[in-house]
Amino acid sequence: MQMTRSVDSVQFLPFLTTDINNLSWLSYGVLKGDGTLIVVNAVGAVLQTLYILVYLHYSPQKRAVLLQTATLLGVLLMGYGYFWLLVPDQEAQLQQLGLFCSVFTISMYLSPLADLAKVIHTKSTQCLSFSLTIATLLTSSSWSLYGFRLKDPYIMVSRIQRG
């Protein structure tokens, strides 16, 4: 984006949903007291927020970007309100937040299936990034192994779906 000074070839929604995903898993990590989840997702949230700010800087449609960001942040804040204010039991909070994070992560990573359909239709992998695909596979595998080690089904299931 910075080299071309344009966001024409970059989609905004993946940055935004990944940021919300990081913030959700960060909350799960804080509630669970898991330092690994806290550090990794805090760094991820900071990086995604920086990407969003750079996107906003170069976007000719700033209002649309701000509206999408505000909408998803509003949903996130309503979720926080629900989990922290309306679910008094910490174990219930952990279970419901873990389920929410898992479902959100799985749904977020289903979106690249559109690219897979394009690959099948065009019989070309030109629209896929091989290095990003390998990095996603390795990251998903690492998180799945971490979830198995902790015996945490929410980390295991959501991360298996990424690969």
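At 2% relative accessibility, S24 counts as buried, a term that covers residues under 20% relative accessible area, with exposed meaning over 50% and partly exposed in between (1.4 Å probe, protein chains only). The model is a predicted one, in which local features need pLDDT of at least 70 and side-chain atom pairs count only at pLDDT 80 or more, while totals for chains, interfaces and linings use all residues. Residues are numbered from 1 along each chain as its sequence is written, and side-chain values use heavy atoms, with hydrogens and water left out.

S24 belongs to helix α1; helices here are DSSP runs (H or I, at least four residues; strands are E, at least two), numbered from the N terminus. Neighbours within four places in sequence aside, S24 is in contact (heavy atoms within 4.5 Å) with L76, Y80, L97, F100 and C101.

S24 also takes part in the packing of two helices. The axes of α1 and α4 are 10 Å apart, and the helices pack at an angle of about 155 degrees. That makes α1 roughly antiparallel to α4, since angles over 145 degrees count as roughly antiparallel, under 35 as roughly parallel, 65 to 115 as roughly perpendicular and the rest as oblique. Axes are lines fitted to C-alpha atoms, for helices over the stretch in contact, and angles run from 0 to 180 degrees between N-to-C directions. Residues making the contact include S24, W25 and Y28 of α1 and L97, F100, C101 and F104 of α4.

Rings of Phe, Tyr and Trp (its six-membered ring) pair if their centres lie within 6.5 Å; planes under 30 degrees apart count as stacked, over 60 as edge-to-face and the rest as tilted. By this rule there are eight aromatic pairs. One of them joins Y28 and Y154 edge-to-face, at 6.3 Å centre to centre and 80 degrees between the planes. This pair links distant parts of the chain, with Y28 in helix α1 (residues 13-32) and Y154 in helix α7 (residues 153-160), 126 residues apart. Both Y28 and Y154 are buried.

F100 and F104 form a stacked pair, 6.0 Å centre to centre with 25 degrees between the planes. These two residues are separated by about one helical turn because they are four residues apart in helix α4 (residues 90-108). F100 is partly exposed at 35% relative accessibility, whereas F104, with a relative accessible area of 18%, is buried. Ring pairs link F100 and F104 with Y82 and F83 into a cluster.
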